[in-house]
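Hi there,

Here is the structure I promised to pass on.

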Amino acid sequence: MNRKKYYPWLVVALLWVVALLNYLDRQMLATMKPAMQVDITELKLATNFGHLMAVFLWIYGIMSPLAGMIADKTNRKWLIVGSLFVWSGVTFGMGYASTYHQLYVLRAIMGVSEALYIPAGLSLIADYHQKRTRSLAVGLHMTGLYFGQALGGFGATIASNTSWQATFHTFGYIGMAYALVLVWLLKEYRPTATTPPTVTRTPFSGLSVLLRNGSFWMILLYFAIPSLPGWATKNWLPTLFSNNLNIPMAAAGPLSTITIAGSSFVGVIFGGMLSDAWVNKHIKGRIYCSAIGLGLTVPALLLLGFGNSLLFVLLAALGFGLGFGMFDANNMPILCQFVDTKHRATAYGLMNMVGVFSGAFITDLLGRFVDSGHLGRAFAVLAFIVLAVVLLQLSLLKPTTNDFQEE
């Protein structure tokens, strides 16, 4: 590890910007739909828009386990740099799209390139930060995702003042330039290997180890179910705000995404600090902290589904963001209690896959609910699904160590 004490936190800061661009570039499309459908008329149908958002998720999900395996075997710095440069180039290219088919293909390519980042980025942070700072470091990184989501909510606002094409071009340029900054500043680091160097490991050996781990299957389920409302809010909350409050998308987009992002920021910081302190007193501290967070999302989803006043809807969004942030800050740290360091990127890639597949399913399904006028009802149903998985997690996940190391 770099001997300078500040460098592990510099890694978090460098990857925070990558996380921001990761979500910003994918989320702009959600609020620029009204501006884009003037030129690409197929986007006027919500079902088509749902397909466009879902193809990213399906490709992203399929690629995630492979991305994790690659990250466990290669230099994660170059994987991160290459991923950022490619998806930023795709973002730039979307400004030149003139047909629905072109957008569809570009979203699929973005799914491939963005999938390579998260397993590599989170495993690198987990390696730089041990048990005393791991949840806080992961939580701070996650705030980059939330800020990206919030800035993505301004897509419609920026597009209304310039054009949707110029918006894509601008952020594509920014991402490609930042990739060059990472070439200079970002450094790879791996802890001392626990596997003897004489042992030959195939790219799929880690996958085999993980699939024989019963606790990991529970973690997969625990990650997948909250992804349903998580992706629902990312892709359809602006629409829900617009419909329930009868306000234009140019106002609903920033209002919904900033509310979620701001409260999620508080959630990951609070959840990270609470978890790092709690796990030193109780081995299930991270699990309890995560469960409290998800518990907060249950009444929030009910209010989002049935609230029709600005106060109720904003309170619901704030509660959801706070709770989901506490959940987000603890996913990788909980994984570290059950999975050895050399398999963590692969493990998180699998988690990303099941989470994103859940997101693709719910994104596509909610497109149909929008067309039928029942989006709020669908949000409310998700509350009961989340409650069930929280109870399962509390009953079945039983860690024996804070930082698992294979013997």
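Let me start with a charged pair: Arg76 forms a salt bridge with Glu188, with the closest N and O atoms 2.9 Å apart. By salt bridge I mean a side-chain nitrogen of Lys or Arg within 4 Å of a carboxyl oxygen of Asp or Glu. Arg76 sits in helix α3 and Glu188 in the loop between α8 (164-185) and α9 (205-211), so the pair ties together parts that are 112 residues apart in sequence. Helices here are DSSP runs (H or I, at least four residues), numbered from the N terminus. Arg76 is buried, at a relative accessible area of 1%, while Glu188 counts as partly exposed at 25%. The cut-offs are under 20% relative accessible area for buried, over 50% for exposed, and partly exposed in between (1.4 Å probe, protein chains only).

Before going further, a word on what you are looking at. This is a predicted model, in which local features need pLDDT of at least 70 and side-chain atom pairs count only at pLDDT 80 or more, while totals for chains, interfaces and linings use all residues. Residues are numbered from 1 along each chain as its sequence is written, and side-chain values use heavy atoms, with hydrogens and water left out.

**More on the salt bridges**

The structure holds eight salt bridges. Another one joins the side chains of Arg76 and Asp127, at 2.9 Å from N to O. Since Arg76 lies in helix α3 and Asp127 in helix α5 (residues 117-128), this pair ties together parts that are 51 residues apart in sequence. Both Arg76 and Asp127 are buried. Taken as a group, Arg76, Asp127, Glu188 and Arg190 are linked in a network of salt bridges.

Elsewhere, Asp403 and Arg344 meet through their side chains in a salt bridge of 2.7 Å, N to O. Asp403 is in the segment after α15 (375-396) and Arg344 in helix α14 (residues 344-372), so here the parts tied together are 59 residues apart in sequence. Asp403 and Arg344 are both buried.

A polar atom of the Lys77 side chain does lie 2.7 Å from the backbone oxygen of Val183. Leaving aside residues up to four places away in sequence, Lys77 touches Leu182, Val183, Leu186 and Glu188; contact means heavy atoms within 4.5 Å.

Helix α6 (residues 134-152) has 19 residues, which at 1.5 Å a residue should span 27 Å; its end C-alpha atoms are 28 Å apart, which agrees. The expected span is 1.5 Å times one less than the number of residues. Of those 19 residues, 15 are buried, so α6 is largely enclosed by the rest of the structure.

**A few single residues**

- Gln393 lies in helix α15 and is buried, with a relative accessible area of 0%. Beyond residues up to four places away in sequence, Gln393 touches Met218, Tyr222, Ile287, Ser290 and Ala291.
- Lys33 lies in helix α1 (residues 7-36) and counts as buried at 19% relative accessibility.
- Asn246 has a positive phi of about 55° although it is not a glycine. Asn246 is in the loop between α10 (214-245) and α11 (249-278), and is exposed at 69% relative accessible area.

The protein averages a pLDDT (the predictor's confidence in each residue, from 0 to 100) of 87, and 95% of the residues score at least 70. Confidence is lowest in helix α7 (residues 155-161), at a mean of 73, and highest in α3, at 96. Over residues 194-200 the pLDDT is below 50, and this stretch has seven contacts in the model beyond near neighbours in sequence. Where pLDDT is low, the predicted coordinates should not be read in detail.

Best wishes

How values were computed:
A polar contact is a pair of N or O atoms within 3.5 Å; within protein, one must be able to donate a hydrogen and the other to accept it, and residues adjacent in sequence count only if both atoms are side-chain atoms. Helices (H or I, at least four residues) and strands (E, at least two) are DSSP runs, numbered from the N terminus.
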